[in-house]
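Thanks for coming. I will take a few minutes to walk through one protein, starting with a single strand and then stepping back to the whole.

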Amino acid sequence: MNAPRLLLTAFLLSAQVDASSIVADFETDPDVGAIRWASQPPGASLVRDGSFASNGTTSLKFECPAWEKGRPEWPAFEWKPAVRNWKPYDRLVVDVVNPTESSPYLALFVSDGKVPFREGLYHRFEVRERGFKRCVIPLAGLPDRVDRGDISILHFFTERPAAPVRIHLDRIVLLEPGEALPDPPRAFLRQVVALEAGQLGRAREMAAEALTEAPPGAIRHRLEQTVARAAELKTALDRGPDTLEALETMAAEARTLPGRVNRWLDVGRFQKECLAAGQPGDGLLVGHATSMEKILPRDAPISLKPAARIRLSAARYEKESFQIVVVPVAETLKNVRIGSADLIGPEGAVFPASGIQCDVVGYVRTNSVPPYGSPHVGWWPDPILGFLGAVDIQPGDLQSFWIRVCVPENQAPGIYQGELAIRAAGLPPRRIPVELKVRGFSLPKQSPLPVAVTFAPSDHPMPATAAAQEEWRKSPAYPVNAWRKHKLRWADFLADYYINFDSLYRTGPPDFEVLRHLHGQGRLETFNLGIFDGVSRDPGQAEKTLEGLREAYRTAKDLGILDHAYIYGFDECQADQFPLLEKTAQTLRKEFPGVLLMTTSYDHSFGCDTVVKSIDAWCPLTPKFDPAQAARARAAGKQVWWYICCGPGHPYANMFIEFPAIEGRLLMGAMTAKQRPDGFLYYQTSIWNSRNPITTGPFTDWDPRSWTTYHGDGSWTCVGPDGIPVPTIRLENFRDGLEDYAYFRILAETLRAATAHGTATPDGKRWQEDAMAARAVPDDLVRSMTDYSRDPGKLAAWRDRMADLIDQAGAKVANPWAEAGK
């Protein structure tokens, strides 16, 4: 056999082997004809196209116009795969090209002929603007009840596209364990190169334009370096990468260059602002931000104020924070740290330096767009690394420091002054004046709002990580194990943030060692005697559950803490379970008098219009909280709390890593004051999927993924060296919001007490009028749960106005928590 025939035979054999695993390749009209529209908006199309074929000569081009009201919200198409038996395979691979300037939502469901496709495997594609992605989908994500031997539907869909969609799909194949795909042909790589090259051209144009503005020498040098690097990458791309890996490496760098140019332009602008504010313009620049902002360290615009005099106020037993942000002008800053001396107040009073904590802000790296969307994929500020000392800061990076002022409960009120010193190796210290106003009133040691928040460390493996995490669980250093040696330290840490060492879903007894510890400090919040889902579902389980609750009830009563207890159950259950819920609640009411019974069941009448009459506290998701309906329920003797979890998303407030920090503070403070729920519930604060605790920084290897593909949902805490607790910016804002709510409660109770007397001096009447106005949450801060400001200044103005009025009340300040001993 001659050489050409040998090559042809080898090609045909390889094609036959490959064809057995091809799900779709879109090479013929019948291939496309087999696809049916599940929901087709006007103007949407599916056609074979000669562009961006990663195998063969054509791809499937999916086009869809931008969504408009009245059109289908979920454009979707589907087909039966050519290969129905997926048992031999462990991965599905889809090549996706997006040649447009937008990043549309695109997702896939996979299922068999019996299980509804929405209950099958779900995958969201990472569809980057002007880019290519070979998407590998682990088939371990197929639910067990889906028959892998009879896969019968692939359902692709998008959702309300904000811009016209054009997506090319090709080479949808199944891979056996250990099997790899060959690289796409060079002709395909060249087409993708043309998409990526646009980033280089944009970066060079931006830098060239900036250089005409004669930026300072150090900034000019960095811009010139960027132009040179763009030219080098352009030459390499023009030659054409030989492999997919080479293309992805060059493309990844090319995509960073426009942001790099913008960052250096921002540094130049910020340098001018710092010079105008009186800072030296060389070496390092110092910015100021509130605790309600997230300052991205890289690949994002700089939006900072030059640090001048820092002014803040806080009540006694309050913790209030701000951020100092250090920016290198051109060269790496070494051993950067911030410290404070004592602040000096009236008549020589001292605010101790030990009450001013200057901690490094750490960063976690996201690698995908989560289900709720995100404006940025990459490094996000989140953990606050109090254990970390001095850090180095690379040129082009920003580094935040979290300055937490902890006011002792016996601190004399008044104005205290001092300074922060920012130090870096080889540079003189930069000193920033600080002025602290200590208020004349105190905040409570316990939460001003009842909270039921879970701390129960666990992980949540995804199919791709399940095997690895199973091994990690065997290690005592795995975060879900490492924290245990510091149990009481964790309990104290959580109490600092008004969170109890507790779990909504615990089936065993409460940890009474921790509860005694916190009760002795006067910091015990609510705690769960146990979950009650199983009391009436299974007669055998019922008695076992009841006996466990009885034992916990007796112990809590003996310890004198029964007034802190609740029983939770029927988590998010539907109406068909309401008769069982009522029967169970009646049993619990007889067994455990005086203990609050709480549920998140979906009764949005809060017991007013259903058979469920024995539940004490209803807890809807925040979008379902209806103040008028809550008033009806309260008239019937019920409480109405609220909660968040993996939802809601915007426009509602939530506490994901990518959401603005101020949203958590607004939710717990101004929104709570406006809507008046009776409490707040949250399902988990400690879902940890990282292999190891955080030991270095500021750029950490902590995995921000928590529940499924969410970032930070169910995870407000991190684990530091040896298992010690590490707070997050989101946790700080949770506490700050509760402290804002405490201001509201103190002012409201002081006003109530003042008006109850019926008489007042003219000054007293003016105070009452001002207090009445200040107690109302301004509409320009929070108009509704979906219409609110993210401006820290507006929140601070409302808070400070309440504090001023409380101070003006003097000795007449009331304590709303006196009966509870808070």
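How many bridges join β19 to strand β20, and do they run parallel or antiparallel? There are 5 bridges between β19 and β20 (residues 379–385), and the two strands run antiparallel.

Before going on, some ground rules. This is a predicted model, where local features need pLDDT of at least 70 and side-chain atom pairs count only at pLDDT 80 or more, while totals for chains, interfaces and linings use all residues. Residues are numbered from 1 along each chain as its sequence is written, and side-chain values use heavy atoms, with hydrogens and water left out. Strands (E, at least two residues) and helices (H or I, at least four) are DSSP runs, numbered from the N terminus. Two strands pair if DSSP finds at least two bridges between them.

Back to the strand. In β20, Pro-381 is the residue that stands opposite Tyr-363. β19 is also joined to strand β22 (residues 399–406), again by 5 bridges and in an antiparallel run. There, Ile-356 has Val-405 of β22 as its bridge partner.

Is β19 mostly buried or exposed? Buried means under 20% relative accessible area, exposed means over 50%, and partly exposed lies in between, using a 1.4 Å probe and protein chains only. Of the 10 residues of β19 (residues 356–365), 7 are buried, so the strand is largely enclosed by the rest of the structure.

Now the sheet around it. Its 6 strands are ordered β13-β12-β15-β22-β19-β20, forming an open sheet with antiparallel pairing. The edges are β13 (305–306) and β20, each of which pairs on one side only. Elsewhere in this sheet, strand β12 (residues 284–290) and strand β15 (residues 319–328) run antiparallel and are joined by 7 bridges. One of the facing pairs is Leu-284 with its bridge partner Pro-328 in β15.

Next, the whole protein. Its secondary structure comes to 17 helices and 34 strands. The radius of gyration, taken over C-alpha atoms, is compared with a globule rule of 2.2 Å times the number of residues to the power 0.38. The value is 30 Å, close to the 28 Å that the rule gives for 822 residues, so the protein is as compact as a globular protein of that length. Along the principal axes, the C-alpha atoms fill a box of roughly 105 × 75 × 55 Å. Buried residues make up 53% of the 822.

Contact here means heavy atoms within 4.5 Å. Among contacts between residues at least 6 apart in sequence, 76% join residues at least 24 apart.

Finally, some backbone details. Two peptide bonds to proline deserve a mention. The bond from Gly-647 to Pro-648 is cis, with omega near 5°, and Pro-648 is in the loop between β31 (642–643) and α13 (662–668). Gly-697 and Pro-698 are also joined by a cis peptide bond, with omega about 5°; Pro-698 is found in the loop between β32 (680–682) and β33 (718–719). The loop between β32 and β33 is also the place of Thr-708, which has a positive phi of about 45° although it is not a glycine.

Where is Arg-160 found? Arg-160 is in the loop between β10 (151–157) and β11 (165–175). Its phi is near 40°, a positive value in a residue other than glycine. Arg-160 is partly exposed, at 42% relative accessible area.
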